[in-house]
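Let's take a walk through this protein together. Have the sequence and the 3D view open as you read.

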Amino acid sequence: MSLAINTDRLLSRIQDLGQIGALPGGGCKRLALSVEDAKGRELVCGWFRDAGLSIHTDVIGNTWAIREGRENKAPVVMGSHIDTVATGGLYDGNLGVLGGFEVIESLIEAGIETEHPLAVAFFTNEEGARFAPDMMGSGTCQGALDLEDMLCSVGIDGVSVQEALGTIGAQGNAPVGALAPSAFLELHIEQGPVLEAENLQIGVVTGVQGISWTEFSIEGQSAHAGTTPMALRHDAGVVAAGIAMEARAIAQDLGPPQVATVGRMEFTPDLVNVVPEKATLTVDLRNTDEANLQVAETRLQAVARAYCAAEGCTLSQRTLARFEPVVFDVQLVDLIEKSAEKLGFSHRRMPSGAGHDAQMFAPNCPSAMIFVPSKDGLSHNIHEFTAPQDLANGVRLLAEVALTRAGVVQSKGHIA
Ligand code: GLV
Ligand code: MN
Ligand code: MN
């Protein structure tokens, strides 16, 4: 069975959503719970409403729209996120939401009824670029993260999640946990170079690597840059730089799939002629193997302590995010693979290097993901791009898998 989807409509919606928070040169910035996020939510919910879906929002702003099934069963949920990083593209997250919606709209147009309801969802703050941790909304609704802790999380701009939800009016009445899928499916761009390099159309995602985010804060002593001899300094900046270099060295030493990234570093007082008294940096460590991820964490903490001691600085640290590697449901992964074969798409199995909402559903219901290629492997970059044909392939495959899980009970046509 192959559902006819409307690729032009999908593409124009991706472009329309990308206009909200559009950046010069392409891409967009819709940080979680920002004014732009509010406008994005409004646009997408308007489309859901026009299609006659019933819309629900929970207390952390997760939103889902349901097309009822023939039976009163748990829905098959397709979804992802519409928040972006500050240098985001048009596809990360948005494809999973608009692609899921395209499946539902095409079903409505084709007069196809399903046994299970079908839902499309977007989850609050998947990116973690404003508020930590990432996958906040999906993690909270699936019980992995505590609601009160998440509402108190303070963003990089000093605003809490609770305040931001109130400011943009994104807080709903549904309790967290109200969304209980029978299966969860997320279509996403690969965000890496593998599918393009191997000239493949589809990635069948087997799981997601573990993620460890730590913020290190170093306290030293500010001093005059010209008068203070090198041996008498307590330079918090030098310690931060040392930790950054060591993070990379540890990843190189452990080898793939270990990766390490220092994405933020701030100095105080941040002046050309003053030895920094304070430095804060974040380290993002990821590995598909939990034991190896723990080795990387332990080694990083040891070098951070050693650098601090050598410079006469003090160190504090806090965990911003910590998620163990996730393995997706074997049967659902098999179904995606078989469906890709049936539709004639070239494919391979692969783990995800990025975090995704699907990983938060995996402990509670069969969950899996479909990847489509990313041009030059770029994502979290305004030049992120996936070719229209690849987008359409992903949505067709999503439809095939969702319909198999939801069970077709009536068709007036449009199914080949
Ligand atoms: C979130 O998308 C992440 O992988 O950092
Ligand atoms: Mn994403
Ligand atoms: Mn992302």
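Let's begin at a proline: Pro-269 sits in the loop between E10 and strand E11 (274–275). Those labels come from DSSP runs numbered from the N terminus, with helices (H or I) of at least four residues and strands (E) of at least two. A cis peptide bond links Thr-268 to Pro-269, with omega at about 5 degrees. Another cis bond joins Pro-256 and Pro-257, and there omega is about 10 degrees. Pro-257 belongs to the loop between helix H8 (236–254) and strand E10 (259–268).

Some ground rules before we go on. This is a predicted model, where local features need pLDDT of at least 70 and side-chain atom pairs count only at pLDDT 80 or more, while totals for chains, interfaces and linings use all residues; side-chain values use heavy atoms, leaving out hydrogens and water. Residues are numbered from 1 along each chain as its sequence is written, with chains lettered from A and ligands numbered from 1 in the order in which they are written.

**The whole chain**

The chain has 12 helices and 17 strands. Its radius of gyration is 23 Å, close to the 22 Å that the globule rule gives for 416 residues, so the chain is as compact as a globular protein of that length. (The radius is taken over C-alpha atoms, and the rule is 2.2 Å times the number of residues to the power 0.38.) Along its principal axes, the C-alpha trace spans about 85 × 45 × 40 Å. Buried residues make up 55% of the 416; buried means under 20% relative accessible area, exposed over 50%, and partly exposed in between, using a 1.4 Å probe and protein chains only.

**The two metals**

Now for the manganese ions. Here are their protein donors, meaning N, O and S atoms within 2.8 Å of the metal (3.2 Å for Na, K and Ca); water is not among the atoms, so sites may look incomplete.

| Ion | Protein donors | Distance from ion |
|---|---|---|
| manganese ion (ligand 2) | His-81 (NE2), Asp-92 (OD), His-188 (NE2) | 2.0 to 2.3 Å |
| manganese ion (ligand 3) | Asp-92 (OD), Glu-127 (OE), Glu-127 (OE), His-380 (NE2) | 2.1 to 2.4 Å |

Which residue coordinates both ions? That's Asp-92, and the two ions are 3.7 Å apart. Asp-92 lies in the loop between E3 and H3 and Glu-127 in the loop between strand E5 (118–122) and helix H4 (136–141), so this pair ties together parts that are 35 residues apart in sequence. Asp-92 is buried, with a relative accessible area of 4%, and Glu-127 is buried too, at 8%.

**Two positive phi angles**

Where else might you look? Met-135 isn't a glycine, yet it has a positive phi of about 50 degrees. You'll find Met-135 in the loop between E5 and H4, buried with a relative accessible area of 0%. Asn-199 also has a positive phi, near 55 degrees, without being a glycine. Asn-199 is in the loop between helix H7 (194–197) and strand E7 (202–208), and it counts as exposed at 68% relative accessibility.

**One last stop**

Is Glu-215 buried or exposed? Glu-215 is buried, with a relative accessible area of 13%, and it lies in strand E8 (residues 210–219). Leaving aside neighbours within four places in sequence, its contacts (heavy atoms within 4.5 Å) include Thr-280, Ser-316 and Arg-318.
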